[in-house]
Amino acid sequence: MNKLERASFLNGIIGKPWKGGARGPDAFDCWHCAQYVMQQIFQEQLPNIDVPEQPDWRWMIETFAKHNENKNWVEQLQPLNGLLVARDGSLVLMARLTRPAHIGVLFRTEKKVLHCHNVAGVCFDDLVTLRANGWTRLRYYTRATSYAN
């Protein structure tokens, strides 16, 4: 996808509402937003997860921690100097304290994360904004097979 197509896609998805269990393209929950973006932009297939209409923090934390898909992804450790070295299209797991409870997709060129927030809907936030909104721990993951290449 070229830059113009990428920008057009982003403009078309930003602002779509959050709805638990919604798979797009008119509304999303955070998982299905990431799934949709990974498929449309990065040609990456993520498994389907049945998200409840009203997921609570416990459900999200446990689902991220225990899901079988975890074995297919490798964390990309970031340097302590704050430079972003994660790859374009990395999944970004976000935590308020230590355990991830939210997911988005990194757009490295734009230095932003696309995610679907339960109040604001689909957002395209820079890292400072994510942290200011309470996502103080960001972890970046890429598919294990692409990491080896």
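The structure is a predicted model, in which local features require a pLDDT of at least 70 and side-chain atom pairs count only at pLDDT 80 or more, while totals for chains, interfaces and linings use all residues. Residues are numbered from 1 along each chain as its sequence is written, and side-chain values use heavy atoms, with hydrogens and water left out.

The pLDDT (the predictor's confidence in each residue, from 0 to 100) averages 88 over the protein, and 96% of the residues score at least 70. Where pLDDT is low, the predicted coordinates should not be read in detail.

Glu44 lies in the loop that runs between helix H2 (30-42) and helix H3 (57-66). When residues up to four places away in sequence are not counted, Glu44 is in contact (heavy atoms within 4.5 Å) with Met38, Gln39, Trp73 and Arg143. The side chains of Glu44 and Arg143 also make a polar contact at 2.3 Å, the term denoting a pair of N or O atoms within 3.5 Å of which, within protein, one must be able to donate a hydrogen and the other to accept it, residues adjacent in sequence counting only if both atoms are side-chain atoms.

The structure contains zero disulfides, defined as pairs of cysteine sulfur atoms within 2.5 Å. The sulfur of Cys116 has its closest cysteine sulfur in Cys33, 5.2 Å away, which is too far for a bond. Cys123 is likewise in no disulfide, the nearest cysteine sulfur, that of Cys116, being 7.3 Å away. Cys116 counts as buried at 1% relative accessibility, and Cys123 is buried with a relative accessible area of 13%, where buried means under 20% relative accessible area, exposed over 50% and partly exposed in between (1.4 Å probe, protein chains only).

How values were computed:
Helices (H or I, at least four residues) and strands (E, at least two) are DSSP runs, numbered from the N terminus.
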